[in-house]
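User: I want to learn how to read a few local features in a model. Please take me through them one by one.

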Amino acid sequence: MSLAALQAIEAAHVVPSYARFPLELVRGAGTRVWDFDGNEYLDLLSGISVLNVGHCHPAVVEAVRAQVGTLTHVTNLFYTEPAMRLAERLATSSLGGKVFFCNSGAEANEAALKLVRKAKPGGEIVVVHGAFHGRTYGALSATPQESKQAPFAPLVPGFVVVAPEPEALEAAVHSGTAAVLLEPIQGETGVHPLSDELLRAARAACDRVGAALVFDEIQTGMGRTGTLWAYEQTGVVPDALTTAKALGGGLPIGALVTGERLADVFAPGDHGSTFAGGPLVASAALAAFDVLDDPELLASVRELGERLRDGLRTLPGAGDVRGRGLMVAFETAEAPALVRRALSEERVILNATGPSTVRLLPPLIVTAQEIDDALARIGRLLAPVNA
Ligand SMILES: *Cc1c(COP(=O)(O)O)cnc(C)c1O
């Protein structure tokens, strides 16, 4: 069906909660996607860090193919091998405790919020300005952005917002604090790494009062920053982390992973989800794990991330280049217009997180040649900005 036909259906029957680009994508492979007319695009967004393994990775496709004709869903009233194996893999690759599965990032944070509240009944949850934790009520209440929150008040009570500075955070944490929830690198608000000093202060403050430190690794996890988890590069170990986006190799799955201390807070009946951890998505996630939890690939992510940032720094018009691994952003005038031009003029998929910020989240299987190609395309897009 043509783009015009899809737009007519959208106008009549789709809730207008998204501002879509006028582009119909029909197929993907690796770092490339193709539109309805057969044009090829270099994808530097990966479905917002979902396709870390690239589009339609053969190992994920094979795992899904084998599982979809065998067993797709049984609920959590029964055992399936993919769910148990994935839980073991997630826990042993990170905090060593236990895993709760869900279907999205927001749901992973909901699980974390309920867990820390149960661990310290009535306790406050401290978050920082610039955070994004999702769109459901609990996750939205942890997302201190006026435009996202205001239309939906009243929100869930008990959230405290502070500046992302060590002193402010230390001052906000007291005996009635249940948890501090942080993204090691703030993604949706423009790729802003929190300082190691802030993360250490959060760890110390939580230890001082027996609160839980929770890292939202929904965007930073699964290899995005050049280690399987971003916390590994900070020297700070949280009590729990949340993951989703890239976990399923393109399929929807999220998870809360705890350390030892919070492993047995939930009891039967405390929390649940019909679809969560089903054999189909768990099989896809196990295949994605095999691809991403690989020292060679992770070294390449660190190397190519530096190549990308170094290259961007040589481009006139790209300011304040920042990020870690292949989670990168730069500042430029009129970022949304540049991202629109990128589709039609250079056939490259970029993302604007704000009026002046361009974010790059390429598939982690990207090559050095493709990074250089991306830089050439972005350089040409920036040329008129500088003229
Ligand atoms: C994307 C994202 C979420 C929300 O995930 P959904 O799957 O869209 O609910 C939460 N936190 C962070 C850091 C994210 O990047």
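User: Is Val 191 buried or exposed?

Analyst: Buried means under 20% relative accessible area, exposed over 50%, partly exposed in between (1.4 Å probe, protein chains only). Val 191 is buried, at 0% relative accessible area. Its phi is near 60°, a positive value in a residue other than glycine. Val 191 sits in the loop between β8 (185-186) and β9 (192-193). Helices (H or I, at least four residues) and strands (E, at least two) are DSSP runs, numbered from the N terminus.

User: What should I know about the model itself?

Analyst: The model is predicted: local features need pLDDT of at least 70, side-chain atom pairs count only at pLDDT 80 or more, and totals for chains, interfaces and linings use all residues. Residues are numbered from 1 along each chain as its sequence is written, and side-chain values use heavy atoms, leaving out hydrogens and water.

User: What is the phi of Glu 334?

Analyst: Phi is positive, about 55°, although Glu 334 is not a glycine. Glu 334 is exposed, with a relative accessible area of 60%. Its loop runs between β14 (327-331) and α12 (335-346).

User: Which residues joined by a peptide bond have omega about 0°?

Analyst: Ala 153 and Pro 154 are joined by a cis peptide bond. Pro 154 lies in the loop between α7 (146-149) and β6 (159-162).

User: Which residues does Glu 110 contact, leaving aside neighbours within four places in sequence?

Analyst: Contact means heavy atoms within 4.5 Å. Glu 110 touches Thr 136, Tyr 137, Gly 138 and Ala 139 on that basis. Glu 110 belongs to helix α5 (residues 105-119).
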